Amino acid sequence: MRKITIAIDGYSSTGKSTVAKQLADYLGYVYVDSGAMYRAVTLFAMQNEIISKDNFDEEKLKNSLDSINLSFKKKEEWNKAHIFLNGEDVESQIRNLEVSEFVSPIATIHEVRVKLVAQQQKMGLEKGVVMDGRDIGTVVFPDAELKIFMNASAQERAQRRYKELLECDNSVQYSDVLKNIQERDYMDTTRADSPLLKAKDAIEIDNSEMNLEDQFHTVLQLAKDRIAGRLLY
Ligand code: CDP
């Protein structure tokens, strides 16, 4: 069966990574979480006094890019590949709200994007990849055979992310999560370089009212059609 490239873009916490992972597992494709790469660069910047609440040293970040090495590794016992920053597994550290607060400014830096996009394109060279993010259908894989754009209301998305974060930190507040989602939506859609926008040929799915199973079957059907070369929409 021919292999295709599947790009899933959309706002924060729309369930992109869940459906991307399900799809990749079902099709035997590689799943790449591009957001994890921006988060890992952010963690590096936090650890190296490049970004904090009252400081963002953009020059230092640009000069440090060569010493940031990102890779994904998989183990039987993990349900998805983990991201490694300079050889260290940082998969759980990059998910906290502090990293979420700094990631969108980091993602505005052109040089960061150039580095990460080049690595993402390399990972997709042989097709058979599902990648999720903000610019996958527009910049990383403009020729992807299937492009999905996911959306849901900010309140619904904040509720989902709040539940997830509560599992590791019971001090987390819903209002902080909602504020972070709204701030990131704003920064991600208004930045100059590769803003989040729906590619002309992307199919939009609003999953505010959809459960995970419905969402998966909707996307899977689209993928099967594209793999078979059916262009019905
Ligand atoms: O998990 P969530 O949907 O909240 O976000 P993520 O996919 O982990 O991405 C975190 C942040 O990285 C986003 O808010 C963007 O600022 C940035 N990002 C990006 O600029 N381009 C991508 N392809 C992926 C993420």
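## Sheet, covering helix and ligand site

Helix α9 (residues 212-227) lies across β1 (5-10), β9 and β10, and runs at about 160 degrees to β9. Contact here means heavy atoms within 4.5 Å. Helices (H or I, at least four residues) and strands (E, at least two) are DSSP runs, numbered from the N terminus. Axes are lines fitted to C-alpha atoms, for helices over the stretch in contact; angles run from 0 to 180 degrees between N-to-C directions.

This is a predicted model: local features need pLDDT of at least 70, side-chain atom pairs need 80 or more, and totals for chains, interfaces and linings use all residues. Residues are numbered from 1 along each chain as its sequence is written, and side-chain values use heavy atoms, without hydrogens and water.

The 5 strands form an open sheet with parallel pairing, in the order β2-β8-β1-β9-β10. β2 (30-33) and β10 (203-206) are the edges; each has a single partner strand, so one side of each lacks a neighbour in the sheet. On average, neighbouring strands are turned by 20 degrees against each other, direction ignored. Strand β9 (residues 146-151) runs parallel to β10, joined by 4 bridges; pairing takes at least two DSSP bridges. Met 150 stands opposite Ile 205 in β10.

Now the ligand. It is surrounded by 19 residues, the closest being Ser 12, Arg 39, Arg 113, Asp 135 and Asp 188. Near means a heavy atom within 4 Å. The table gives polar contacts, pairs of N or O atoms within 3.5 Å.

| Side chain | Distance to a ligand oxygen atom |
|---|---|
| Ser 104 | 3.0 Å |
| Arg 134 | 3.2 Å |
| Arg 184 | 2.9 Å |

The protein covers 96% of the 530 Å² of accessible area that the ligand has on its own. Areas use the Shrake-Rupley method with a 1.4 Å probe.

How values were computed. Polar contact = N/O pair within 3.5 Å; in protein donor to acceptor, adjacent residues only side chain to side chain.
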